[in-house]
Amino acid sequence: MTIDPADILNSILSSLERIDYIKPKEIPNIDLYMDQVTTFMEEHLKDSKRYPEDKILTKTMINNYAKNRLLPSPEKKKYSKEHMLLLIYIYYFKGLLSIGDIQSLLEPLTDKYFHAEDELTMQSIYEEVFSMEKSQVEKVKQDVIASYEAAAATFSDASEEEKQFLHIFSFICLLSFDVYVKKQVIEKLIDGLPKKETGKNSKK
């Protein structure tokens, strides 16, 4: 997201308009080797990078996701479309949640729907969830506008030079508080998910 300091609000709103997600039809219907997976993700998510040199996904990341049980192991070193969908979820969640929380969230999804042949599949769930994206962007835009206007009304007694920084600082604080509160809610919801019984605690 590139923001023009001279026109911050319009620049942000314009950037939000360009937010998109990977459509399932864009994901190849053939299984991919790891190099093909990282190349695909890099090409389709490059606009979300903060800096050009940032990496969307690396081989080490994928191996760590499998090691931490966020991702089922590949079959004959190849990753299916369902693997790709899980990697997209992980990409978005990892900036907000811990590895443990992501595992708690994705494990029930993987256990029940990975390679499922029922009406509900990994792809149908992905499509349903991401279909809400456009309407959600509109809500986010309205929230951003409200926060921007509230921040712009602060520090009325400050000098013009001070106001420029203090208004941006206030704007960032308001946006950060929103993220903080929603993160707390997300963590409470994850903590309330049924825990998978393993080892000594599992029933025979």
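My entries below take the rings and then the helix.

I note that this is a predicted model, in which local features need pLDDT of at least 70 and side-chain atom pairs count only at pLDDT 80 or more, while totals for chains, interfaces and linings use all residues. Residues are numbered from 1 along each chain as its sequence is written, and side-chain values use heavy atoms, with hydrogens and water left out.

I looked up ring pairs (Phe, Tyr and the six-membered ring of Trp, centres within 6.5 Å; planes under 30 degrees apart are stacked, over 60 edge-to-face, the rest tilted), and the count came to ten aromatic pairs. Because Tyr89 lies in helix α4 (residues 81–93) and Tyr126 in helix α6 (residues 122–130), the pair ties together parts 37 residues apart in sequence; helices here are DSSP runs of H or I, at least four residues, and strands runs of E, at least two, numbered from the N terminus. I found both tyrosines, Tyr89 and Tyr126, buried, meaning under 20% relative accessible area with a 1.4 Å probe, protein chains only.

I then turned to helix α2, where Met34, Val37, Thr38, Phe40, Met41 and Leu45 are buried. Seen down the axis of α2, the buried residues fall within an arc of 160° (taken from the directions from the helix axis to the C-beta atoms), so they line one face of the helix. I recorded that they pack against β1 (32–33), α3 (59–67), β2 (78–79) and α4, contact being heavy atoms within 4.5 Å.

Technical notes: Buried < 20%, exposed > 50% of the residue type's maximum accessible area, 1.4 Å probe, protein only.
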